[in-house]
Structures are given as structure tokens and as C-alpha cells.
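Have a look at the sequence and the model first.

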Amino acid sequence: MANKKVTIIGIAGGTGSGKTTVVRKIVEALPPHHVAVVPLDSYYNDTTGMTDEERHAINFDHPDAFDWKLLIKHINDLREGRAIEQPTYSYLICNRLPETVHVEPKPVIIVEGIMTLINKKLRDMMDLRIFVDCDSDERLIRNIQRDIVERGRDVQMVVDRYLKVLKPMHEQFIEPTKRYAHIIIPKGGDNVKGIGMVCKYIESLVDGKEE
């Protein structure tokens, strides 16, 4: 792996924009076991030294919530052909779990998350930067559906959090990173043609590097 060129792709976009769908389509378009996906959500800061109250006060939609240093080190390790132990993060306890995920280096590394394009050092490592765009109403509906099922919240809790945290943080930090993207995919995961074109381009990018 260390001798082969590695393609690093960053995929950003608001919560509920369809990033996961785009990642899945890219993975499906490339040969089996060709891609390692590194989620930004796994790299929230270690909060072991905090009280429960401090942990629950964390704004997960702010750039300061992430351990950029560790993420950049891990992406560099994968690029250089070294396996990593990716952290696992629990929203329930607002801290990392003892378990890690072993990730082997692959020809394509996808870094996916709401603020993947905000850190310049990380951004500069990427061969392709994608922003998945989606109407704010659509994102809100997806957030409601997901948070009720996965995080045990009710509709009012989700809407309150959206208005107080998600919307202002999106406008302040996520939306502005659109300007760093090489490609913007409107209509999120529903944009079949757009995603198809991106997949074709990535295939050509990877083929070109492997020659």
C-alpha cells in the first residue's frame, strides 16, 4: 500500500443532507474492499476528564468539538500505508468508548462528516472535496426521523435543538465550507445523476493513479 498512490476524498454537508447515501454509492461503484470510510463523528474529543454536566453541555455542531489532530494523523497514517485504530464515540455517554475500530489502508480513503472541509490541513490532503447540498426542510425532516428512532428524542426536542443549535451552527460553520468543494451535489442523496457522475469521475481518478 505504501508504494501506491492513495486517493483521499472529503465529503461534507449538513446533518441529514444525504452524505451517507453518497458515500454508499461511491463505495458500490468501486471494486470490493477498495475503500476505507473514516467518519468525522468518530473523532469527537475525548471527554474523560469532564463531569457529566460538562459533557452534556458540549455543542457537537461546533468545530471545537472535534479532535482534528488525531484525525489528521490517522488520515496521514492510512495514506502512508499504516493501519489505524479508529475511535468509537457514544452520543449516549458523550464520550469515547474503550473499543476501537481497526482500519486497514485502502486505495481510496473517504473522510465523511458535517465539517470535513472546515480544517485547512485536512482539506489540503484531499484529492477531491464534495459538498452534499440539501434543502433545510428536508434535512429537518430527516433529523426528526433519525433522532426519534436512534436517539430516543421526541419531535419537540428535535425541533428545539434544530432551531437553537443545528440551524445557526450550519449557517455559521458548515454552509461556508461549500466554497472549498470541487463538486457540489444538490438535492443530496436523491440526486441519482449527480452521484453517478461523481462516481464515474472517482473511478477515473483512481484508475489514473494506479497506472
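How far apart are the mean positions of the positive and negative charges of the chain? They lie 5 Å apart, with 30 positive and 32 negative charges counted. Keep in mind that this is a predicted model.

## Overall build

The chain holds seven helices and seven strands.

For size, the C-alpha trace spans about 55 × 40 × 30 Å along its principal axes. The radius of gyration is 17 Å, which agrees with the value near 17 Å for a compact globule of 211 residues.

## Surface and contacts

Of the 211 residues, 47% count as buried. The chain exposes about 11,000 Å², and carbon and sulfur atoms supply 53% of that area.

Now to the contacts with a separation of 6 or more: 75% of them come from residues 24 or more positions apart.

## A closer look at strand 1

Strand 1 covers residues 7–12, and six of its six residues are buried, so the rest of the structure largely encloses it. In a regular strand, side chains alternate between the two faces of the sheet. Here both faces are covered: Thr7, Ile9 and Ile11 are buried on one side, and Ile8, Gly10 and Ala12 on the other.

What about its partners? Strand 1 runs parallel to strand 5 (residues 108–112), joined by five bridges, and Ile11 has Glu112 as its bridge partner there. Strand 1 also runs parallel to strand 6 (residues 128–132), with four bridges; in strand 6, Leu128 is the bridge partner of Ile9.

Definitions and conventions
Residues numbered from 1 in each chain as written. Predicted model: local features only at pLDDT ≥ 70, side-chain atom pairs only at ≥ 80, totals over all residues. Heavy atoms only, no water. Helix = DSSP H or I, 4+ residues; strand = E, 2+ residues; numbered from the N terminus. Rg over C-alpha atoms; globule rule 2.2 N^0.38 Å. Buried < 20%, exposed > 50% of the residue type's maximum accessible area, 1.4 Å probe, protein only. Contact = heavy atoms within 4.5 Å. Areas by Shrake-Rupley, 256 points an atom, 1.4 Å probe, with all protein chains shown as cover. Lys, Arg positive; Asp, Glu negative; His and termini not counted. Charge placed at Lys NZ, Arg CZ, Asp CG, Glu CD. Pairing = 2+ DSSP bridges.
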